[in-house]
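Please keep the sequence and the model open while reading.

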Amino acid sequence: MSTLPARAERRCHNAVNPLHSCLFFSPDLGAELGKLGVEDPSTVYFATRAAAFGPVGAGTVTATFYNFNPALVAQHVPAVWSVASPEQVLGARLRAADSTLRRLLGEEIIASDEMAEAARLALRATEACTPHARPLYAAHAELPVPDEPHLAFWHAATLLREHRGDAHLAALLAAGLDPVESLVSHTATGKGMAIRWILSSRGWRRTDWEAASGRLRERGLIVAGEEPALTDAGTALRAEVEEATDRMDRAPYEHLGAEGVERLTELGRGFLFTAASNGAFPAEATGR
């Protein structure tokens, strides 16, 4: 039995995670990786997120990222490690996180007591994260915690994001949703990314999307139409995926406690409002 209010962990995740993921939409990341000779946007993404593993091959990235076309991954990994080492990429990533947060939040928030408090709360939550069956979390958990509060907060947000993300992939697998079916069904909730952006960034073709849509229709999970829409059964399945993710991701927030979770959510929302007001997320990644 949870001691937290219903879906408190999900609300906290939704407030904190964007302050991790905004890095991947930041021009600062491309600029820093570009200095190392890594310029292709897909290569930048794969290298940045996989660098904590060390110089792994395409198989590890495909398995742990889940919804990317393996052929796209293989175009960039492991070739990127001959251009920039994982250690160089991690250094560039942290520099980009620093400049991105300073630009999106401003120096006053960066130096504030609230930022230091958010870092303490988020790091306390990570004390209860567990590595088993969570490869992306486990790899990032071995990285040192930065000294500056805003970077410590970003590091903790990364750990919490990957801890939940690994759990979410387990929930998708248990629900019988393959990589493209997961994308189609998420878009059908009305909360997904633009289809054109999904296809280009994940490396799938329109025929892959249509085939996955057909399989979901055969299972009675979506209805036919120009854009996917969930049936009652599809809505129930996607809800169970999210609830299963919540269950597997509850420990960090139980450890933090209801008061701490509420406060971290409040702080994260405040930071997120400022970041979003300063253009943290492009419309094509968030709209339909």
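Which residues does Leu 264 touch, not counting residues up to four places away in sequence? In this predicted model, Leu 264 touches Cys 12, Val 16, Ala 118, Leu 121, Ala 122, Phe 153 and Leu 256 once residues up to four places away in sequence are set aside.

**Nonpolar cores**

- The largest nonpolar core has 63 residues, and Leu 264 is among those with the most contacts inside it, together with Phe 46, Val 61, Trp 81, Phe 153 and Phe 271.

**Helix 12 and its surroundings**

- Gly 203 follows helix 12 and has a positive phi, near 85°.

**Salt bridges**

- The structure holds 18 salt bridges, and one of them joins Glu 162 to Arg 49, with the closest N and O atoms 3.0 Å apart.
- Because Glu 162 lies in helix 10 (residues 149-174) and Arg 49 in helix 3 (residues 41-50), this pair ties together parts that are 113 residues apart in sequence.
- With burial set at under 20% relative accessible area, Glu 162 counts as buried at 1%, and Arg 49 is likewise buried at 7%.
- Arg 102 and Glu 107 form a salt bridge through their side chains, at 2.7 Å from N to O; Arg 102 is partly exposed at 24% relative accessibility, and Glu 107 is partly exposed with a relative accessible area of 45%.
- The side chains of Glu 266 and Arg 263 also meet in a salt bridge, at 2.9 Å from N to O, and Arg 263 is partly exposed, with a relative accessible area of 25%.
- Glu 266 and Arg 263 are three residues apart in helix 15 (residues 251-277), so about one helical turn separates them. An α-helix has 3.6 residues a turn, and therefore residues three or four places apart point the same way.
- A network of salt bridges links Arg 10, Arg 164, Asp 246 and Asp 249.

How values were computed:
Residues are numbered from 1 along each chain as its sequence is written. This is a predicted model: local features need pLDDT of at least 70, side-chain atom pairs count only at pLDDT 80 or more; totals for chains, interfaces and linings use all residues. Side-chain values use heavy atoms; hydrogens and water are left out. Helices (H or I, at least four residues) and strands (E, at least two) are DSSP runs, numbered from the N terminus. A salt bridge is a side-chain nitrogen of Lys or Arg within 4 Å of a carboxyl oxygen of Asp or Glu. Buried means under 20% relative accessible area, exposed over 50%, partly exposed in between (1.4 Å probe, protein chains only). A nonpolar core is a set of buried Ala, Val, Leu, Ile, Met, Phe, Trp, Tyr and Cys residues joined through side-chain atoms within 4.5 Å. Contact means heavy atoms within 4.5 Å.
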